[in-house]
Each structure stands twice: as C-alpha cells, then as structure tokens.
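Open the model in your viewer and keep the selection tool ready. We will go stop by stop.

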Number of protein chains: 2
Amino acid sequence: MIYADYNASAPLLPVVRDYLRKRLDSELFANPNTIHSMGQKISLGLEKCRSAISEVIGSHANQIFFNSGASEGVTTILHSILDGQDLNGKVVITSPIEHSVVINCLQFYRNRGLTIEMVSVSKDGIIDLPHLKELIKLNAERTILVAIMAANNETGVIQPYQEIAELCRDYEIIFFSDTTQLVGKGEYNFLQSGMDYAVCSGHKVGALPGTGFILAKDPRALSPLVFGGGQERGQRGGTQNYLGIESLAVALNDYKENAYKLSILDMARREFEFDVLSAFPEARIIGLEAPRLAGTTLIGYPGIHGQAVQIELESHDVFVSTSAACSDNEPATSKVLKAMGVEDDLGRSVIRISLSYSHGQKEYSALAHVLKSAYNKLRKIYSY
Amino acid sequence: MIYADYNASAPLLPVVRDYLRKRLDSELFANPNTIHSMGQKISLGLEKCRSAISEVIGSHANQIFFNSGASEGVTTILHSILDGQDLNGKVVITSPIEHSVVINCLQFYRNRGLTIEMVSVSKDGIIDLPHLKELIKLNAERTILVAIMAANNETGVIQPYQEIAELCRDYEIIFFSDTTQLVGKGEYNFLQSGMDYAVCSGHKVGALPGTGFILAKDPRALSPLVFGGGQERGQRGGTQNYLGIESLAVALNDYKENAYKLSILDMARREFEFDVLSAFPEARIIGLEAPRLAGTTLIGYPGIHGQAVQIELESHDVFVSTSAACSDNEPATSKVLKAMGVEDDLGRSVIRISLSYSHGQKEYSALAHVLKSAYNKLRKIYSY
C-alpha cells in the first residue's frame, strides 16, 4: 500500500503512535487548568510542547496559541482583523488559489461591506508580485490585510512569501499567510518569514487530528473566536487538547530531526516526474518550473479523467486525490487551476500525489510503475 | 490514588484506551472528505459514530454537529443566534451560575448592544422559575434567547430544564442549555428535553480532549463559527477530528451500558455526605437538598480554606478541585456561590469532589476517611 495523499491528511507518524501507546498506559489525564499536581503536570507538559514547537518553527513560545487546527486558525485570524469594525471602504487583498476556508471567511466579511481584491497568478501557480504591488499602491490607504498562502495544497507551489511580507511591511499592511501546507513539511521560520500571522494543522504533519495552532507576531493583537475561561492567555477558550498538543510536539520534533531528508524526497520526486513525462510526453505537471513542496506532484494526462486514474491506482493500493480533499468529489477543473489558466482537458485529468519526508526513491519507483500502467491502460479508453 | 475531579476533566475511559490502542495499530488514517476508499471508510465510521451517539442522547443523527468541544459549541450557538443583527433592544435571559464561556460570550454581545437579564437563583443553586417567568413576561417581545445550563459544574445541581423549555415554548423563545456536565453523566434525552440547542465535550465523558458536538433541534438554523470547506454540512469547517469522534462514540456507548450504575453512585455519595456531615456538623454541602449529578459533592467547612483541604487530600493521593477548573486558582468565593448567597467563610472553604459511574462505595469510603482526617487536622489550625 502506498498512501500518497499527505496534503489531504498525514497518517499518524510512527513516533506519534509510539508516544501515544505509552501515553495511554499512564494515568496522567486531567484538566491542565486545575491547580492540583496532575493538572499542573499536564500544564507544564503543555508549555514544554509550546517551547519545543517554537524552536522547530522559529517563533517565540508566547507567539503560539493552540487550537483545533488550521480552519479555526484562519477563521480566528480573519475574525481578529475584520470583525467589529465598519468594513465599507476597506480592502483585503488575497489570491484566487487560497484554500476554501480563506475564501469562505472573506466572503462572509464581503457580505458585511468588505472589498476583496484578487491578485493574479502565473500559469505556474505563483502570485504575480508586480500585480500585488500595483493593487497595494492603488488601495494603499484602504488595505487592511494581505492574505496570501505560503504553499498551495493542490499544486504544492511555494509562494514568494518573504517578498510579499516585505511589500506589506513597506506599506504597513498586516500580512497573514496560510502556512498549513508548509509548516512541518518544508523549510520555514516564522520570525524570518516576515508574516504577522500563520497557522498549522496537526493532521497535516502526522499528529492527532483536531489540533493545531496560530502564530501571531504580536500575541496581544489577536482576539478570541472561541470564548471560554481564560485558557491560552484569554485568546482561545476551551480546555486545551493536551494529548493533541503533545502529539504535535512529537510530530514537529520528528520533522526537525528528519528535515534533511527533504532533499532526498525532492530528488526522488524530480526523477519520478522526469520518468513519467519521458514516457508520456502528452502528460503535464502543474507548476513544473515553480518552487514546490518536496513531495507534491499534480499531474494530468489530457483526455484521461483524473478520477479514472485515481480509481485505477486505488486498485493497486495506491491512494491519491484529484484535488483538495474538501472538493475531491467534484469532477471539474478546480478553482485553483482555473485561476492558473489551466484548460479543462488538462484540469479534469489531474491527480495529486503527495508524500512526506519519510519517503523517497522506493515509493516513487513504485508510483511511476503503477501510474505508467494506468496511463497505458486508460489512454486506450479515453474517459471523456 | 483517587482522581475525584471528573467535572474538570475525566480521564480517558478504559474502553477508550483499549479502542485507541487497537486503532493505533491500524493503517486507517486519512481525510474523511476524500473520495478514495480510505477516506470513505473513515467517513463511514464517522457517520456510524454520529448515529450511535444520537441513540445514546436521544436525538436524530442529523442534529449532531461535531466540533472541538463545548466552549466552541457554546460560542457557535450564541454566535448563530446573536451575530449579524442589531442587538439594541434585544434581550437574552441567562443565569449567574453559567460557565464562564457563556458569560464571556454574552458579555461580548452586550458590548454590541444586547441587554442581559439575570434570573435569580435559590440558596440551593436552583434557577428561580417564577422569576424567570416574570422576566420573560416583562420582556416578551424583546427576548430572543434563554440561556440556562442543565447541570452546574461546581455544585452539580441539576436545573429544571424541562420546565424552562416549556416556558420558552409558550413564549416562542429559543432555549439553549449548556449540557456539558449532564450529557454522558446523567439521565438525558435531547428530543424530550425541549431544548433548541445543547452541547457536549469529549473530555468530560472520558473521550479524547479536543472533541465534542452541538445538538441543534433545527439543523438548518445554525450558522458556522469556524469556516472551512463544507465539512459537517457546511456548519463546521475543518477536517473532522475523526479519532476524537470515534473515542466519543466509544465513551458514550460505555455510558449507555453503565448508566444503571448511576443509582449506585448516587447512594454511595449520599452515604459519604451523611457520614462526613455527621462527623462534622459544622460542615456544609452546597445544594444538599437539590437534585444533583450523582457523583458531585461541593463541601465546605467554614474556617478551613478549601485550598488547604485540597493540598492535604493531595498528600494522600486524592485529587479534587476547589471550584471550576478555569478559576481553580482564585482563593475566593466563586461567582456561582456568590449568586447563591453563600457567605465567604463557607465559600472559601469548599472543595469539589466529582466522580463517575465507574465509582461507588469503595472510593467514597476512602474519600470519607481522608477528608475526615484532613478536617480533623486542619480545624486545629484554622487557615484564615
């Protein structure tokens, strides 16, 4: 079995499973907000996790606010910036390749008067920096936020977030970047990134689902989305998901120790892509020339439907997506690809292969083998 | 060791640990929103959990919306009802014994024009129904919500929520009840309760922390707090915490199978209370005459500080709280007790002993022994 759908959700890392097996044998379960020693031990563990995570992602510990994951993180950040003010005449600049949580959340505030400006995207899936600069200049006084992701979930294309951050700094505009696909999967340092806000989801990095965090350059600038009894310094109510947080620290520590393997993954992916493209010159890799996550390939063979390829691969115990998990069931060109100007015959043909730093040549060789067989089989019976 | 702080957080149930140990050995980890068979297996499991939980709590399956826990649940419900409208002239009736998440959330909307009316509470900690009726009549046209909890976290006192629901029905007012301490801990049936909204937190019932759900009589009436990609029928964004949800179904099924033990727990608690009160006639149990959760005792000995008792018990490996977990560190009479008219010398002396249906006479005998020793020791050196 090859599970190649890490951008949708990563399986629990082996070290996380080992940790949890031991953890289940302990008796240390309590509310971290109580003052008895069991609660305090858990609370202390939680702060150790915060500190360990801050070292992996290059932030201060007090810039981390634990929550239930990136969707909550994105909503909280946008709510912090946009809620409770008159939005008429205010502008947020974003991109058409954002995850639906960003798009839906901004749509909510558009209904309350916000103006949304979309920066264009190259055919390789990279934000058009000159266009962004133009939009910022045009709306200099009115722009309260730039919301542009760090790495795209479908294509794996990494955005020039440091340049975006510089632009935002020059014009004193808040910069939030959806880093869900980058943190714990590629080189990243919060303080060096220049971002004001970033997010992480545990289930994307091999930790328990239902956990994650916000990174906030100014920890006092956030306002809570979920109310409660003062947890997370008043920024996020609800008893902390301490088991989830512990698993997150274990997972991100595993990333830190194994990040050097990303270059092996990257090389194996390139060989795989070269191999498949050589065998099928009609096939296309989206964002081929762009900087991408080491383990992400979005590949299509115009005329062969992506879902047909997906199903064929699945019959060989290989699991991939056709697009983002939440729109995986739509047999159409995704919004991200449309924004990149991808034609429908290619757009409907793509599958997303996403692996992690624990993989390399072995998995990609097997993937090349089954994918080539699938293309050979399916191109005889064009699916549409 | 006796962990007697279940109202703060329940340890993972043994059946939940067994389930998770097996679960960790499986390879079934994926995003439930993907269409490949791994995602679909998880998605199917999730719907089985929804169905199993609905049977335990007496709701329809489609009335359940999974989230990260009760704080998110409360915030989402209040947000659904109160956000995005002109709140000037609108009234919400609530009580002074609500959990801080309800109070803080309503405070947020008070700052946006909402009027809050407080129903008074008897010295036993029960909502004053005639006063509630009076408030409703006085504000009949303006009241958009009654928010009164089902069982209090500090005292364990169960509120007359069915009578409140009838009143609300008569006046066509939405009734939300914070059921965090009742679901999975005492007799409860959502459809029979007459509530429009209710909530549950996984970590209060022995499931994983970071999981829970909302119950909504009309599933279409909710609006999302956390945005995302259409998960939970558009009502709650973010990849579902499927491991948490599975643990929740296991935990609530355990409750269902063992609910008959609540009468044993109740009897053992009564004996314990009688035993301690007989030995120390100066001691007081808050809400002694009121219907209470089977496993909750809030007991004080005026003149002996609650924290001193807590520490003394802890030296014998017995873990209790002095009040709600999130205000456990405040050496003052809690807001809940103040609302009940409890004097400071009693209010500052209380400890909360909270157990579950897996306990009985054995634990309460041991508790009586250490508590009596503690009182005997500490009353010689009055702590204040």
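Which residue stands opposite Thr297(B) in S12(B)? Select Thr297(B) and look across: the residue facing it is Ile353(B).

Some ground rules before moving on. This is a predicted model, in which local features need pLDDT of at least 70, side-chain atom pairs count only at pLDDT 80 or more, and totals for chains, interfaces and linings use all residues. Residues are numbered from 1 along each chain as its sequence is written, chains are lettered from A and ligands numbered from 1 in the order in which they are written, and side-chain values use heavy atoms, with hydrogens and water left out.

**Stop 1: the sheet in chain B**

Strands are DSSP runs of E, at least two residues long, and helices are runs of H or I, at least four long, numbered from the N terminus. Two strands pair if DSSP finds at least two bridges between them. Strands of a sheet pair through backbone hydrogen bonds.

Now show helix H13 (residues 361–378) of chain B. H13 packs on the sheet and touches S10 and S12 of chain B. Its direction makes about 165° with that of S12(B). Contact here means heavy atoms within 4.5 Å. Axes are lines fitted to C-alpha atoms, for helices over the stretch in contact, and angles run from 0 to 180 degrees between N-to-C directions.

H9 lies across S9, S10 and S12 of chain B, at about 10° to S10(B).

**Stop 2: the sheet in chain A**

Move to chain A. Here 3 strands form an open, antiparallel sheet in the order S9-S10-S12. Strand S9 (284–285) and strand S12 (351–354) of chain A each have a single partner strand, so one side of each lacks a neighbour in the sheet. S9(A) and strand S10 (residues 296–300) of chain A pair over 2 bridges. Pick Ile285(A): Ile299(A) in S10(A) stands opposite.

**Stop 3: a link within chain A**

Select Arg236(A) and Glu72(A). Their side chains meet in a salt bridge, 2.7 Å from N to O. Arg236(A) sits in the loop between strand S8 (212–216) and helix H8 (242–258) of chain A, while Glu72(A) is in helix H3 (residues 70–82), 164 residues apart. A salt bridge is a side-chain nitrogen of Lys or Arg within 4 Å of a carboxyl oxygen of Asp or Glu. Over all chains the count is 37.

**Stop 4: where the chains meet**

Colour the two chains apart. The contact takes 64 residues from chain B and 64 residues from chain A. Together they bury about 5100 Å², 62% of it on carbon and sulfur atoms. Buried area is the accessible area (1.4 Å probe) that two parts lose on being put together, summed over both. Highlight Leu24(B), Ile35(B) and Phe227(B): they supply 14% of the area that chain B buries against chain A, more than any other three residues.

How many salt bridges join chain B and chain A? The count is 6. Zoom in on Arg21(A) and Asp25(B), which form a salt bridge with the closest N and O atoms 2.9 Å apart.
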